[in-house]
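Opened the file today and went through a few things in order. Notes below, as I looked them up.

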Amino acid sequence: MFKRLTGTPKIEWYTAATSQLFSNGALCYANGSGAIIPADSTSGDHIGIIQRAIVAADDVYTTAGKVPVDVPNDEDEFEVDVGTGTATAAMIGNRYDLASSLTVDVSAQLKNVVTITRFISASKVVVKINAMISNLRVATT
């Protein structure tokens with residue numbers, strides 16, 4: 001889960017793709033059809049962090065309703081779990097990929113979605129998100 005640590009949240013409302021499950025705090029991106037979906041290890045042009053979970057029993061799951069998304073800027077920092085690899089203090093300043101919409105992969109540097117700004121533990125880091133649709137500082141294909 002991406003948990004905001006610095007900066008002021010900028011909440012915008014986006015349409016969630018139908019039949020798509022979301023975890024609260026998941027990084028998301030546009031699906032090319034006017035809706036958002038959870039990010040994955042291949043996504044690049046992210047919109048922001050969804051501010052609620054969507055489960056199969058929700059109306060939004062079946063009707064493509066609007067959901068709140070926190071749209072970060074270049075300076076905002078987020079605490080996030082390491083899903084793949086082991087974080088070290090030596091990784092501060094380096095860019096890494098996502099393992100999932102909720103975690104980072106500190107063993108991969110193909111997409112360079114996040115920059116580690118602080119080390120918390122082997123399984124938790126603080127990051128800035130590079131791969132935002134507003135700044136596109138990463139490979140998106």
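**Strand pairing, then one threonine**

I began with strand 8 and strand 9: they run antiparallel, and two bridges join them.

Next I looked for other partners of strand 8. Strand 8 (residues 95–98) is also antiparallel to strand 10 (residues 114–121), again with two bridges. Here I wrote down R95, whose bridge partner in strand 10 is T115.

Then I went to T103, which belongs to strand 9 (residues 103–105). Buried or exposed, I wondered about T103? T103 comes out buried, because its relative accessible area is 16%, under the 20% cut-off. I looked up what surrounds T103: beyond four places in sequence, its contacts are V80, D81, V82, G83 and L98. I also found a polar contact at 3.0 Å between the side chains of T103 and S100.

The mean pLDDT of the protein is 91, with 94% of residues at 70 or more. Which element has the lowest mean pLDDT, and which the highest? I got helix 1 (residues 59–63) as the lowest at 87, and strand 7 (residues 78–84) as the highest at 98. A reminder to myself: where pLDDT is low, predicted coordinates should not be read in detail.

Technical notes: Residues numbered from 1 in each chain as written. Predicted model: local features only at pLDDT ≥ 70, side-chain atom pairs only at ≥ 80, totals over all residues. Heavy atoms only, no water. Helix = DSSP H or I, 4+ residues; strand = E, 2+ residues; numbered from the N terminus. Buried < 20%, exposed > 50% of the residue type's maximum accessible area, 1.4 Å probe, protein only. Polar contact = N/O pair within 3.5 Å; in protein donor to acceptor, adjacent residues only side chain to side chain. Contact = heavy atoms within 4.5 Å. pLDDT = per-residue confidence, 0-100. Pairing = 2+ DSSP bridges.
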